[in-house]
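Good morning, and thank you for the time.

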Amino acid sequence: MDENEVEVVVAHSQRATLRVGGVYLKIDGDPARAEREARAMALAPVPTPEVLWREPPVLAIAAVPGEALGVLGEPSPQSPAAWAAAGAAVRRLHDAPLPPWPGRSVDDVAAELDRECAWLLAHDVVPAEVVRRNRAIAEAALRPWSPVFVHGDLQLTHVFVDGDEVTGVIDWSEAAPGDAMLDLAILTLGHEERLDDVLAGYGPGADRTVIRAWWSLRSLAASRWLIEHGFDPDAPGAELDVLRARMRES
């Protein structure tokens with residue numbers, strides 16, 4: 001894009017991101033969340049965007065090189081080795097010291113799941129049996145976990161690679177102590193066929209049953225927010241597709 005052209009990358013009632021040339025301007029209405037994002041990038045032992053300056057509520061960061069692992073609804077153009085490199089980067093993050101702020105508890109997650117399932121049923125977003133089936137699958141994620149440093153929103157569009165090397169991980173506003181399987185699930189959401197590649201890089205300790213549970217839990221919990229903020233959870237490969245896919249499994 002032209003270095004003087006302003007591109008609106010994303011905008012909703014909570015946050016907006018603008019791009020001007022090689023600079024991203026992130027505007028966040030929550031000062032605490034913006035502060036947490038800047039601190040998380042400084043603490044994370046993986047490549048993150050360079051912070052150019054910060055003047056609340058604006059955080060200016062440099063674009064990271066490379067290309068995203070992919071987008072929802074389309075086959076990823078990246079190699080198995082690139083996905084394995086992403087898995088290895090996630091392992092480095094999970095092995096790092098915990099960030100010094102609290103994360104969500106199992107009880108918090110369970111309460112959110114109950115609320116969001118009730119909302120999906122009340123608004124007839126998907127058939128009731130789809131909600132019930134995925135709610136049952138999600139139960140496996142509601143167990144005690146030993147917290148690790150999680151990104152918290154590790155979508156494949158947030159991981160950039162150049163060849164087989166991770167060049168940057170972006171959007172750290174949800175970083176906190178949390179369940180390691182959450183990051184692995186979000187990274188492979190809608191691209192479940194890439195889980196083996198990710199785990200080849202991540203190494204031992206992953207629980208496929210819990211990752212599968214988080215696919216359902218994440219999709220149930222995120223759908224209302226997406227709808228209310230102008231996004232489409234029914235886009236190809238997105239959350240409602242993930243929920244329906246569980247119905248085709250034995």
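How many salt bridges does the structure hold? The structure holds 20 salt bridges, a salt bridge being a side-chain nitrogen of Lys or Arg within 4 Å of a carboxyl oxygen of Asp or Glu. As background, side chains of opposite charge can pair when their charged atoms come close.

Before the individual cases, a word on the source. This is a predicted model, in which local features need pLDDT of at least 70 and side-chain atom pairs count only at pLDDT 80 or more, while totals for chains, interfaces and linings use all residues. Residues are numbered from 1 along each chain as its sequence is written, and side-chain values use heavy atoms, with hydrogens and water left out.

Let me begin with aspartate 171 and lysine 26, which form a salt bridge with their closest N and O atoms 2.7 Å apart. Aspartate 171 lies in the loop between E9 and E10, and lysine 26 in strand E3 (residues 23-28), so the pair ties together parts that are 145 residues apart in sequence. Helices (H or I, at least four residues) and strands (E, at least two) are DSSP runs, numbered from the N terminus. Is lysine 26 buried or exposed? Lysine 26 is buried, with a relative accessible area of 12%, whereas aspartate 171 is partly exposed at 25%. Here buried means under 20% relative accessible area, exposed over 50%, and partly exposed in between, with a 1.4 Å probe and protein chains only.

A second salt bridge joins glutamate 129 and arginine 132, at 3.5 Å from N to O. Both residues lie in helix H4 (residues 128-138), three residues apart, about one turn of the helix. Glutamate 129 is partly exposed at 43% relative accessibility, and arginine 132 is partly exposed at 48%.

Next, aspartate 234 and arginine 244 meet in a salt bridge of 2.5 Å, N to O. Aspartate 234 lies in the loop between helix H7 (208-228) and helix H8 (239-246), and arginine 244 lies in helix H8, so this pair ties together parts that are ten residues apart in sequence.

I turn now to the rings. A search of the whole structure finds three aromatic pairs. Rings of Phe, Tyr and Trp (its six-membered ring) pair if their centres lie within 6.5 Å; planes under 30 degrees apart count as stacked, over 60 as edge-to-face and the rest as tilted. Phenylalanine 149 and tryptophan 172 have ring centres 6.3 Å apart and planes at 70°, so the pair is edge-to-face. Both phenylalanine 149 and tryptophan 172 are buried. Tryptophan 225 and phenylalanine 231, by contrast, form a stacked pair, at 5.8 Å centre to centre and 10° between the planes. Tryptophan 225 is partly exposed, with a relative accessible area of 29%, and phenylalanine 231 is partly exposed, at 33%.

Finally, consider helix H6 (residues 195-202). Which residues of helix H6 are buried? They are Leu195, Asp197, Val198, Leu199 and Tyr202. What covers them includes helix H2 (80-95), helix H5 (180-188) and H7, where contact means heavy atoms within 4.5 Å. Glycine 203 follows H6, with a positive phi near 90°.
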